[in-house]
Amino acid sequence: MTALHVAVVGVGPRGLSVLQKIAELAGRLPDGHTLDVHLIDPGDGGQGAHSARQPAHLLTNTVASQVSMFAEGSGPSFTEWAAAAGYRAFDSTYHPTGDDSGAPVDEHAYLPRRLLGSYLSWVFDRTLGSLPDGVRVVQHRDRAVDVAPVVGDRYAVRLAGGFTVVVDYLFLTTGHCERVPTGEDRAHAEFAREHADRNPHLAYFPTPYPVELLQRIAPGSTVAVQGFGLTAHDVISELTAGRGGTFHGIGPDTEYRPSGREPRILLFSRQCLPFSARGVNQKGVTGGHRAHFFTPEAVRALRRLRPDGKLDFVEDVLPLLVKEMGYAYRVAWEGRSVPPEGYELSPDERRIVERLLHPLDGAEFTDQAAFRRFFTDHVAEDLAQAELGNLTSPVKAATDVIRDTRAALREAVEFGGLTPASHHVFNTVYVPLMNRVSFGPPRHRNHQLLALMRAGVVDLAGGPGGRLVPDREQGRYTIRTDYPGGTEVRHADALVIARLDAFHPERDRSPLTAALLARGLVRPYRNGDCVPGGIDIDETGRPFTVRGTPLRGVWAVGYLVEGPRFYTHALPRHGIASQFVRDADAAVRDMVADARHRPRTAGADALTHPYDSAREAEHAGADRTTVSVP
């Protein structure tokens, strides 16, 4: 028998998807081959960023019934699992009672993220139990810090604890990153250190995760939160519900009752625009807008008209998206099916869509009070549309098109599909814009935001164009916004940067990423002079080395390749073909095909420290569990 050794580095949802595909496809390995699969992750299998230990008030931002690690239907969705596991709803909390107390888990519910972590670990355990004969799994509760090529196209994966695993195949599925401190980070942190003697509450948080870090923010102090997106909602929730405050009532009648332990929260960003709430889902678990104009086929047809095959997003792609949004708007507005043949975007529909995308165009605010009125009216009007539903509301039908046409967006963007200049515009202007109008929070989060503003716990630090500057005299952070009526100045003791970092390998603080770059095993993805992020890969997921050749026996999937690919962080949807699943499938099939060409002595060269179960057990430590599947 020939034993092949595989390492999966990072066993969150992406690593779990690779393990699922190994379980499914291992039977296609050549006769006489077995697999030892090394799972390398310090956390619980499958969970990744969705720790089952995080606070219950942090919620998923997708309707739970649409989330599944079994997109093809071979297992339960998140909601189906929760119901089968005995979970019942008690107001906004969920407990596994196993009886009929409380209420059933609703298919429209946004369940706690910790519950998603439990679901992912259940899928992980089920996958281990489904592995065929000849596949053995070893869990390393540690981090990989280096990968070095060794004899025979193999790789030595060094762990933080000192142990080295030598493998024939390697899957990189490490998920989200944490940036190396920027000049701005260092300036903010240095300001907080140097002026702590003037202000005992002064603090800087370059990331809010894990949210337990925010417990350092003193009750009664003022915290400035940079961002209005999903991460900002996590921060707000941790500093309010996480401090013992409670929400009462529903919808516009939502009321917040403070605990007295909250800080005062000031929100700001470059545009100071709120993220739009998700509409009530009227499309069912698997439903979506059926595109007529903005389709992968239409994008490919456009590409054939370009000598170099590259598109301009604003000139070529955006008109198709706007037309699709206008069509969805008209269907909802008229409340009937509209024949797509002959449909043309009317001037009114064009203005409406442009207003949805750019609500600040033409707007003027004399002072902060005027902008605050605009902000709260904007949130309230959006919530009224969201309550109508994503088929009934013309607004939500139109903005939902962006979510439902991600396949066309991928066709336009991935693997250098845009010109370099246009790719830069797409990433810096249109990705944030699309996230704001189509990938926002559940409705109740924005109802809570308005309730917190009414309660005086949350306010806006400024308006569009606000500037963050340090006030060295007071030892506080200051946000200044210029209006025709004067300059608004607000002060804060703590500053939280509420955003997730884009993955740029050269800016990632992971020792593993640094080692891969230093060895030339991977390179940052580039589209001409545009460097959108991610590592460079071919379409099966093999990283390109610094010399431009695909790296044999290595695959990268997920957020690591957000750059050559687009929108890699979404979990699979129940019953819908998923790029998430396709990526794992392509990589594992490539591994199986490569195994047919491996010499039968693979894994037997003593010079490369072949796998030795006794030696591994000696170095495993108390935190490592070895699981053998007969």
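The buried residues of helix 11 are Arg406, Ala408, Leu409, Arg410, Ala412 and Val413, where buried means under 20% relative accessible area with a 1.4 Å probe and protein chains only, and where helices are DSSP runs of H or I with at least four residues, strands being E runs of at least two, numbered from the N terminus. Because 6 of the 8 residues of this helix (406-413) are buried, helix 11 is largely enclosed by the rest of the structure. Its buried residues are covered by elements including helix 6 (296-304), helix 7 (313-334) and helix 15 (579-595), and just after helix 11, Phe415 takes a positive phi of about 50 degrees.

This is a predicted model, in which local features need pLDDT of at least 70 and side-chain atom pairs count only at pLDDT 80 or more, while totals for chains, interfaces and linings use all residues. Residues are numbered from 1 along each chain as its sequence is written, and side-chain values use heavy atoms, with hydrogens and water left out.

In the hairpin of strand 3 and strand 4, which has 2 residues between the strands, Asp91 takes a positive phi near 55 degrees. Strand 3 (residues 87-90) runs antiparallel to strand 4 and is joined to it by 4 bridges, pairing being assigned if DSSP finds at least two bridges between two strands. Within this pair, Arg88 stands opposite His95 of strand 4.

Terms used: Buried means under 20% relative accessible area, exposed over 50%, partly exposed in between (1.4 Å probe, protein chains only). Contact means heavy atoms within 4.5 Å.
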